[in-house]
Amino acid sequence: MLDVALNEIKRGTAEIIDEERIVKLLKAYYDEGKTYTVKAGFDPTAPDLHLGHTVLLQKLAIFQKYGGRIQFLIGNFTAAIGDPTGKSATRKVLTEEDIAKNITSYTTQAFKILDESKTEIVYNKEWLEKLGALGMLQLASNLTVARMLERDDFSKRYASQTPIAVSEFIYPLLQGYDSVHLQSDIEIGGTDQKFNLLMGRQLQKVYEIKKQQAVLMMPILEGLDGVQKMSKSLGNYIGVTDEANDMFGKVLSISDALMWRYFELLSTKTLEEIAEIKSGVENGSLHPKKVKEDLALEITTRFHTEELAHEAKAEFEKVHARSQIPTDVEEFSCEGEIWIAKALVDCKIESSTSQARRDIKQGAVRINQEKISEIDLQLSVGEYVLQVGKRKFAKLKVN
RNA sequence: GGUGGGAUAGUCAAGUGGCCAACGACGGCAGACUGUAAAUCUGCUCCCUAUGGGUUCAGAGGUUCGACUCCUCUUCCCACCA
C-alpha cells in the first residue's frame, strides 16, 4: 500500500530531496492516521491557470489521496516584490485590486483539481507583514551575496548586465520563511524553484522548528512551442478555462516529441500504459496522430465534459481534415461596400491593412473558401466568410 | 560622489553624417509538403486604399541642405574607483 502511494507520488518528479521524510510521513499516516502538510506557493500575478500549473495541482491532489493536507499559499505579499525566477527582467508590481481579483479566479480554477475539504488557503501577507524591518534584517542575515549569486538566473543576469533589484534577493528568503511559519512537512514546486525550496529547508533549521521540509520538484512543462516553458506571457499555453475546441486543437498542435512529456505530466494513464502506447507508435501499430487525439480528448474532458471533448474532436476534423468552415464563427457586419483589407482588420483577423495586403499577396486569404489575389477588391452587399491562413475565420455581413 | 561605457523594431544585434524603414539571427505569420506533428524549401515581418505618403533608432533641444550617426541637457542601465 505504501509502495503504491510512494510510486504515485514519485511519478514524473524531477527531483526529490529527503525522500526518507516522505516515507516516514506516509508510514505515520497508514499506521496512526496522522496527516501532514504539503505546501505549494502560487503567485497571484496571472489570473488564469494553465496546464503548467496543473502539473503541480495534480501532484497535490495525489498527496491529498494519501493523507496530505494542502497549504495552498497565495503569495499576495511576495507578489509585491516579484519573483525573479525565469524572468530576464524585473517584474511589474501589482495593485491590491488586481491581486484580489486574481486570487478569486485562481482558486476556483484550482478546485477543479484539488479537494477543497483538504485544502487550506493561506496568504503570506498575514505573517510577512508582521515580520517588520528587524525581522526582515534577521532573516536576511542568513544569506550571503555570494550564495545568492549562485542562483542561475541571478548569475546570468549579472553576467549579461541586466539589472537585479535588491528586493529580488529578498524573495527566496521570504518564501523560505513561509515554510517556517507554516511548519510545512513537504513543499512542492517546479525545478526552477529549487533555490527557493531549499531556502525553506535551511530556514526551518535556523529557526529551529524541529523539522525540515522534504522538497519535491516537478519538471517545468514546455509550452506549445516545445522549447520554452508554458507561460501566459509567451502565449504558448493551454489555459484551464480555454474553450473545448481550442483546448483540443492546441493539444493536437504540439509536436510528437512533446506529446510524451504531456502524457507523463498530464495524463492519468499509468506509466506502463504510456510505455505501451509509445512502443506501439514506434513499431508502427499505432498512428501518432491517433494517440495525440486520445491525449487531447483526455485533457479536454478533464476541464470540460466528455461530450464536449468529442464534439471538439468532430469539429476539428471538419475544419482541418475536410477543410470546412467551423461551426462557430464570429460574426460582424458593416454598412455599405467595404475594401477587403479593411474588412479583414475590422473582423479582427488581421492586425493592420498592411498585414492584410501582404497576406492577400501571398494567397493566404480566402472568401467563401475561394482564394483571392486582388488587393483592391471591394466587397459589395452580401454575406461572406472570410478566412486568413488555416485557422482565422470571420463572417461578415455587408449591408 | 568620481571616471568610463551603453540605450536601435517582439528578443538578440549591425549601423558611427546622405546609398536607412534600418544588415543579420531568433521568434512570429503565410505558402508548398503533411497528421494544423517534426524536418525541409519559399515569401513576408512599422503604419497608411500605397509603384506614393507618414512616423521611427531612450526623451527634449541644437548644429547641418541632410542626423540612428555630431553637440547640450534629462532619464535609465552597466563597469571600475570611493
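Analyst: Happy to. A polar side-chain atom of Q378 lies 3.3 Å from a base nitrogen of RNA strand B, a polar contact in the sense of a pair of N or O atoms within 3.5 Å. Base oxygens of RNA strand B are reached as well: a polar side-chain atom of R391 is 3.0 Å from one, and H320 places a polar side-chain atom 3.1 Å from a base oxygen. The elements giving two or more residues to this surface are α13 (288-303), α14 (306-321) and α16 (353-361), where helices are DSSP runs of H or I with at least four residues, numbered from the N terminus. The most comes from α16, with four residues.

Please keep in mind that this is a predicted model, in which local features need pLDDT of at least 70 and side-chain atom pairs count only at pLDDT 80 or more, while totals for chains, interfaces and linings use all residues. Residues are numbered from 1 along each chain as its sequence is written, chains are lettered from A and ligands numbered from 1 in the order written, and side-chain values use heavy atoms, with hydrogens and water left out.

Around RNA strand B there are 26 residues, of which S255, D256, F316, R357 and Q362 come nearest; a residue counts as near if one of its heavy atoms lies within 4 Å. By type, the surface divides into seven nonpolar, 12 polar and seven charged residues, with Ala, Val, Leu, Ile, Met, Phe, Trp, Tyr, Cys and Pro taken as nonpolar, Asp, Glu, Lys and Arg as charged, and the others, Gly among them, as polar.

Key:
A polar contact is a pair of N or O atoms within 3.5 Å; within protein, one must be able to donate a hydrogen and the other to accept it, and residues adjacent in sequence count only if both atoms are side-chain atoms.
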